[in-house]
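Please look over the sequence and the model below before reading on. The paragraphs that follow begin with the chain as a whole and then turn to some of its parts.

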Amino acid sequence: MTLEEIGRQLREARERKGLTLHDVQVATKIRRKYLEALERGDDAELPPEVYTRGFIRAYASLVDLDGMELARAYSRWKQARGTAGGQEGEAGGPAPAWMAGSPGEGAQAPDRPADPAEEPGDPSGRIQERGEEGRRSPGAVDTGGRRRPPLPPAAPSRRPVADPPEAWAPPPLVTPGPRRKAAAG
């Protein structure tokens, strides 16, 4: 099922119920330009897929259609469209050069050196875990050429509080005094 077919189903169901796009906008809180793009099947005008699936579910449930099934159909269409034209990156554009091909064809992650022998200080060409000042850490393990992600920074130390704060106590209740009658004018 294409996005155009999904949009046609949504529009026909909306018209059967006698709703305008404004009615749908008010009920679903979806901007009118997105509702129009859905009905036209214009993927270029729609937000990222996760939002569009939510829009389809909300719109479909308002007009008594199966929103989950239409959202799944949209995801299948989007996925088929993304793979039909070759590999695509997250934003829908061409994949970065390092993602193309299989790992044996020279595809390398951007942070990994092209040749492990370029890593300084190790004649075997293997990348090893290093401590401060470039020395090997005492418990370092040979990672077999794989680079490990950096460790997160150490948590700041907690200083002991000299005196704990006093416990909070609510203010005393004040009862209003007797009411005075307004003087007649």
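What does the accessible surface of the chain come to, and what share of it belongs to carbon and sulfur atoms? The surface comes to about 14,300 Å², and 54% of that area belongs to carbon and sulfur atoms. The model is a predicted one, and its chain averages a pLDDT of 73, with 59% of the residues scoring at least 70. Over residues 85–119 the pLDDT stays under 50, and for this stretch the model has 29 contacts beyond four places in sequence. Where pLDDT is low, the predicted coordinates should not be read in detail.

The chain contains five helices and zero strands, so that, on the definition of these elements used here, its order from the N terminus on reads α-α-α-α-α. Of its 185 residues, 23% are buried. Among the contacts in the chain with a separation of 6 or more, 42% are accounted for by residues 24 or more positions apart.

The helix α1, residues 3–16, has 14 residues and reaches 20 Å from its first C-alpha to its last, which is close to the 20 Å expected at 1.5 Å a residue. Its buried residues are Leu 3, Ile 6, Gly 7, Leu 10, Ala 13 and Arg 14. Seen down the axis of α1, these buried residues fall within an arc of 130°, and they therefore line one face of the helix. The spacing is in keeping with a general rule: an α-helix has 3.6 residues a turn, so residues three or four places apart point the same way.

After α1 comes Gly 18, whose phi is positive, near 75°. Lys 17 has its place in the loop between α1 and α2, and it counts as partly exposed because its relative accessibility is 41%, a value that lies between the limits of 20% and 50%. Although Lys 17 and Leu 62 are 45 residues apart in sequence, their C-alpha atoms are 9.7 Å apart in space. Leaving aside neighbours within four places in sequence, Lys 17 is in contact with Leu 62, Val 63 and Asp 64, and with Asp 64 there is also a polar contact between the two side chains, at 3.1 Å.

The helix α2 spans residues 21–28, and its buried residues are Leu 21, Val 24 and Thr 28. They cover an arc of only 60° around the axis, which puts them on the same side of α2. What covers these buried residues includes α1, α3 (32–40) and α4 (49–62). Beyond α2 the chain continues with Lys 29, whose phi is positive, near 65°.

The side chain of Thr 28 reaches the backbone oxygen of Val 24 at 2.7 Å, and Val 24 is itself one of the buried residues of α2. Not counting residues up to four places away in sequence, Thr 28 touches Ala 58, Tyr 59 and Leu 62.

Conventions: Residues are numbered from 1 along each chain as its sequence is written. This is a predicted model: local features need pLDDT of at least 70, side-chain atom pairs count only at pLDDT 80 or more; totals for chains, interfaces and linings use all residues. Side-chain values use heavy atoms; hydrogens and water are left out. pLDDT is the predictor's confidence in each residue, from 0 to 100. Contact means heavy atoms within 4.5 Å. Helices (H or I, at least four residues) and strands (E, at least two) are DSSP runs, numbered from the N terminus. A polar contact is a pair of N or O atoms within 3.5 Å; within protein, one must be able to donate a hydrogen and the other to accept it, and residues adjacent in sequence count only if both atoms are side-chain atoms. Buried means under 20% relative accessible area, exposed over 50%, partly exposed in between (1.4 Å probe, protein chains only). The expected span of a helix is 1.5 Å times one less than its number of residues. The arc is that of the directions from the helix axis to the C-beta atoms. Accessible areas come from the Shrake-Rupley method with a 1.4 Å probe; for residues, only the protein chains shown count as cover.
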